[in-house]
Amino acid sequence: MEFNVRRLAADAGTFLSRAVQFTEEKFGQAEKTELDAHLETLLSRTESTKHWTEKIMKQTEVLLQPNPNVRMEEFLYEMLDKKVPMRANNHELLGECMIDSGHEFGPGTAYGSALIKCGETEKLLGSAEKEFIQSSAINFLTPFRNFIEGDFKTISVSISIPLNMPLLTFILYYFFVLYYNVSSNLLDLRCCGFFSQKERKLLQNKRLDLDAAKNRLKKARVADARSAAETELRIAQSEFDRQAEITRLLLEGISSTHAHHLRCLNDFVYAQATYYAQCYQYMVNLQKQLGSFPSTFSNNNQPAGSSSASIWVPTAQPAASLPAPPPSQASPALNELRSTSGTRKARVLYDYDAASSSELSLLSDEVITVSSVPDMDSDWLMGQRGNQKGKVPITYLELLN
């Protein structure tokens, strides 16, 4: 019991000495030992790493899941240590809707078949998106979160003080935290952003002890008192230097953290590139499949004056002609029409909007007169409806006997 009382008295003396030194520094009545520039730079770099890692992590979460309600639900499941239920994403829901509507209109119709093909592609896009989100969460978000919640807490603790706290209350609060080493989980108020490094807190204690020893040496007048103060100053200086070196070594580890985050960033970029490449390939394949439906070539995005459709490629836009006519069109009747330069009646299979003044707009099921013109592209014929004449695509026509 006697030992505990002595220890308590010694701790109380140290606590009081630090409180006095801290208070005098705040009022400008005592000198303060400044940390060296390199150590201050390391501390600033560590705080900056923590700040930007949190912001990048937060924005990545928003990118991967834009719906805040879903993010909150996933967070609650994570807090409860339960598995998040599987749900269809927007692409998959759209794909199911398109497939159902395609079956409703009839898979044998052009529109129904196109809807089904688009729906299947949308489901592939949804699956690729899920793979991208999973890969990004494992290889990018998880290491960042481990740094914030694990590695960073070994060298830091976040403590916040209300802005309107009086100076005396702040001093008592601060030294209460220093003395009892309160966990940040209990006092993580986050009101004004006061950030105290765990190692910096220990270094701060040693600095306060060092400056208090310096002040006692200055005030000492008796030889014995000066001798004791000098001894105390040497010990305080040694402990301060030792703690400064420990803090420096720990904070210099932030460089390895940056290297690790760089590898994670490369993984994230690779996952994004893979995801977008998959999406692009799926859409190119879908466009090729829709090429069998002539109505797809009269789309709203086709430039005015263009007489043919093309599959968009990011690096180039090669011109493409209409697909070759189906076997039923490549008939002796068509060959005869081209060889004799005569005229034939043809029924229009699909609506067609003319892309230029040289073409003729068509209405489904109407009958027009067609003829072959020398040197005209093999995918086109000259059509006539009354006094109107213009080029018409063969794939929209059915020659009549």
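Trainee: I'd like to start with Asp365, at 52% relative accessibility: does that make this residue buried or exposed?

Mentor: Good place to begin, and keep in mind that this is a predicted model. The exposed class begins over 50%, so Asp365, at 52%, counts as exposed.

Trainee: Which residue does Asp365 form a salt bridge with?

Mentor: The general idea first: side chains of opposite charge can pair when their charged atoms come close. Here the partner of Asp365 is Arg347, with 3.1 Å between the closest N and O atoms. This pair links distant parts of the chain, as Asp365 sits in the loop between β3 (343-348) and β4 (367-371) while Arg347 is in strand β3, 18 residues apart.

Trainee: And which other residue forms a salt bridge with Arg347?

Mentor: That is Glu398, whose closest approach to Arg347 is 2.6 Å, N to O. Glu398 belongs to strand β7 (residues 397-399) and Arg347 to strand β3, so this pair ties together parts 51 residues apart in sequence. Together, Arg347, Asp365 and Glu398 make a network of salt bridges. As for cover, Arg347 is partly exposed at 28%, and Glu398 is partly exposed too, at 33%.

Trainee: How many salt bridges does the whole structure have?

Mentor: Eight are found. Another one to look at joins the side chains of Arg145 and Glu61, 2.7 Å from N to O. Arg145 is in helix α5 (residues 110-151) and Glu61 in helix α2 (residues 37-64), so the two tie together parts that are 84 residues apart in sequence. Arg145 is buried, with a relative accessible area of 19%, whereas Glu61 is partly exposed at 26%.

Trainee: Now to helices. Which residues of α9 are buried?

Mentor: Here is the idea to carry with you: an α-helix has 3.6 residues a turn, so residues three or four places apart point the same way. In α9, the buried residues include Ile254, Thr257, His261, Cys264, Phe268 and Ala271. The helix covers residues 254-290, and its 37 residues reach 53 Å from first C-alpha to last, close to the 54 Å expected.

Trainee: Which residues form the nonpolar patch on the surface?

Mentor: The members are Met72, Phe75, Leu76 and Met79, with about 440 Å² of accessible area together. Met79 lies in α3 (residues 68-79) and is exposed at 58%.

Trainee: Which residues does Pro85 touch, leaving out those up to four places away in sequence?

Mentor: Pro85 touches Glu73 and Tyr77. Pro85 itself is in the loop between α3 and α4 (90-105) and is partly exposed, at 37%. Its C-alpha atom is 9.1 Å from that of Glu74, eleven residues away along the chain.

Trainee: To step back, how many helices and strands does the protein chain have?

Mentor: There are ten helices and seven strands. Of its 401 residues, 35% count as buried. The accessible surface comes to about 24400 Å², and carbon and sulfur atoms account for 56% of that.

Methods. Residues numbered from 1 in each chain as written. Predicted model: local features only at pLDDT ≥ 70, side-chain atom pairs only at ≥ 80, totals over all residues. Heavy atoms only, no water. Patch = residues over 30% accessible without salt bridge, like charges linked within 9 Å, V, L, I, M, F, W, Y side chains within 5 Å. Areas by Shrake-Rupley, 256 points an atom, 1.4 Å probe, with all protein chains shown as cover. Salt bridge = Lys/Arg side-chain N within 4 Å of Asp/Glu carboxyl O. Helix = DSSP H or I, 4+ residues; strand = E, 2+ residues; numbered from the N terminus. Buried < 20%, exposed > 50% of the residue type's maximum accessible area, 1.4 Å probe, protein only. Expected span 1.5 Å × (residues − 1). Contact = heavy atoms within 4.5 Å.
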